[in-house]
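Here is a short briefing on one chain as a whole and on one residue in another chain. Take a look at the model before reading on.

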Amino acid sequence: MADDRGSDFYAVELVGVSKHFGNVVALDNVSLQIKQGEFYTLLGPSGCGKTTTLNIIGGFIPVTSGTVRINGRVVQDDPPYRRNVNTVFQNYALFPHMTVAQNIGFGPRMKKVPQDEIERRVERMLQLISLPGFGDRKPAQLSGGQQQRVALARALINEPDVLLLDEPLGALDLKIRKQLQGELRNIQRKVGITFVYVTHDQEEAMVLSDRIAVMDRGKVVQEGTPTSIYHHPANRFVANFIGESNFFNGKVMDVAADEVTVEVPGFRQPIRVLAKRPVTRGEMVTVMVRPECMVLIPDPSTAERRDLVNMVEGVIAKAAFLGMYTQIVVELTNGTTALIHQPGGGELESAPQSLLGQSVTLGWRVQDGRLLVD
Amino acid sequence: MNVTSRQGRTQALFRVYGILGYLFLYLPVFLLMFFSFNKSSAGSLPFTGFTLKWYQDLFADRLVIDAFWNSLRVAVLTSLVSTVIGTIAAFPMARLSFRFKEALRILFILPIMVPGLLIGISLLIFFASWLDIRLSLATVVIGHVVFTTPFVLLVVTARLLDFNYLLEWAAADLGATPFNTFRYVTFPLISPGVLAGALFAFTLSLDEFIITFFTIGPQSTLPMYIFSQVKFGITPKINALATLLFMGSILILCTFFYTLSRRGQART
């Protein structure tokens, strides 16, 4: 049935959607295109507008301007009960006076599905969420993780075109969270329904999503796959929000065909970086380098051989062995600090504490730097 | 040692204080109940023997039976009307923000503070001089609704402020129309508050005297009857009537708390 509606349409499409609460602009001209069957995540800090976006797709709050389409149909004036969209709410919003089975069966009951058919479907959902035999319990008798799964079943039983999830794992502790992340992904693959997922947890977004929209102050700042966003952040906000980053501010000295040279005050030599976006000489720019791309160079004379053309000097201020890698903070000659992740023992034979106070040279390749303009 | 004995003394003192408090509240009631079984018609000591005569007298008295049914009819109607009005009014008070909301809220609740005498007289003038309608049990119901509705409003508003609005979003999300959302989700969850409000209104109406006195026609209610009898001295028949009323109120209260606690258990 889902196929009849045609995949020529986006599952969800927002065109120029804005939302004002009084004088506060919660969403500012947001446009999104979410494909059929996609696991799509709205990621951002609290107050960025991600939950507002979700509530607009669900129909709980009206738009101030713009168009919302679900499967090609314009829906922004439809109430929630006329949209084939279901939601897993933050803190689940299970009906406390109903049993688990009544909660899950609520959607079909509202659509006047015969009672025996409802019972069959509820049973099937209880299997899907691995809670068979829990039908007669009240929500308060379940753990947080179990409640979360019931909320998921209550939404999925209606076979919606799109499932909206508002920080569904936010209230759970880390271990259950990780386990449910896997389950969510499996269930999504099994049912093939488009998921729109809201979270402020960048790691969760990376693990689950096909595509991510990073939001900040009511705008979508960047949209893309987890890898493209991580490796090519659109601006400093994205680079900071997703993963850890080092930033070097400087002035463009030279623009070649594929390479830009940036002079950073306080550094002995300029930084070379690939020219992925147009810049002009004299422009102020930021170069971003991920901590795992930077390496400690014990002997600078070998650096050239390893393409580590960018080199900065500094003194080790902090070092901590974290198992997979050693995290080192280096105070640089320009007064800023750099964070580096050195895999395993790597170049370091000695214990982290003995590194403190050592003068070191850090290096990275031309292709490891990212040029940010903002 | 010293400390514990002093603690013990303080505790004993508080216990005596508590017992005295309860005695103050309930001793007159229990005495009244006690004398309703006394053979002597004086309504005071000595206790001359156990009898149910006064209860028999009571049930044989047409005036009492009429007054009882009138009171019950007024209380049931009052409780129904004020519960509906109070519950409906509670929604905007709990959920919307609009101009003069605080002022409106205070105006709505004010009848609790306004002396019954004032409400009674003003209603009498309103009914008799302005509307020119005949005083009856209906006018009594209207008068009672004026001062019982605020109680319903207060109780239901408190319940609604506790209500997680996401539950209504969830119902709408699952395809429930606004009516079905109210029927299957909102009302079941606020019903203990609504029930409490209805009981409040019922009991307040049942023993209301002053407003009734001003707004009633030729009929009588239980409080009116008792008042008229007391003029000729307290007879044990009144004691018997009061005892039954007291037992009735206790029964209603116990049923209410029992159903409430059962619901509570089912929820946890």
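Contact here means heavy atoms within 4.5 Å. By that criterion, residues 24 or more positions apart supply 71% of the contacts in chain B with a separation of 6 or more. The model is predicted. The points below start with chain B and then turn to His341(A).

**Chain B: fold**
- Chain B contains eleven helices and zero strands.
- Read from the N terminus, its elements run α-α-α-α-α-α-α-α-α-α-α.

**Chain B: dimensions**
- The radius of gyration of chain B is 23 Å, whereas a compact globule of 268 residues would have one near 18 Å.
- The C-alpha trace of chain B spans about 75 × 70 × 35 Å along its principal axes.

- Buried residues make up 39% of the 268 in chain B.

**His341(A): setting**
- His341(A) sits in strand β18 of chain A, which covers residues 337–343.
- Is His341(A) buried or exposed? His341(A) counts as buried because its relative accessibility is 10%, and the cut-off for buried is under 20%.

**His341(A): neighbours**
- The side chains of His341(A) and Gln327(A) are joined by a polar contact of 3.5 Å.
- Leaving out residues up to four places away in sequence, His341(A) touches Tyr325(A), Thr326(A) and Gln327(A), along with Glu244(A), Pro291(A), Glu292(A) and Met294(A).

Notes:
Residues are numbered from 1 along each chain as its sequence is written. Chains are lettered from A and ligands numbered from 1 in the order in which they are written. This is a predicted model: local features need pLDDT of at least 70, side-chain atom pairs count only at pLDDT 80 or more; totals for chains, interfaces and linings use all residues. Side-chain values use heavy atoms; hydrogens and water are left out. Helices (H or I, at least four residues) and strands (E, at least two) are DSSP runs, numbered from the N terminus. Buried means under 20% relative accessible area, exposed over 50%, partly exposed in between (1.4 Å probe, protein chains only). A polar contact is a pair of N or O atoms within 3.5 Å; within protein, one must be able to donate a hydrogen and the other to accept it, and residues adjacent in sequence count only if both atoms are side-chain atoms. The radius of gyration is taken over C-alpha atoms; the globule rule is 2.2 Å times the number of residues to the power 0.38.
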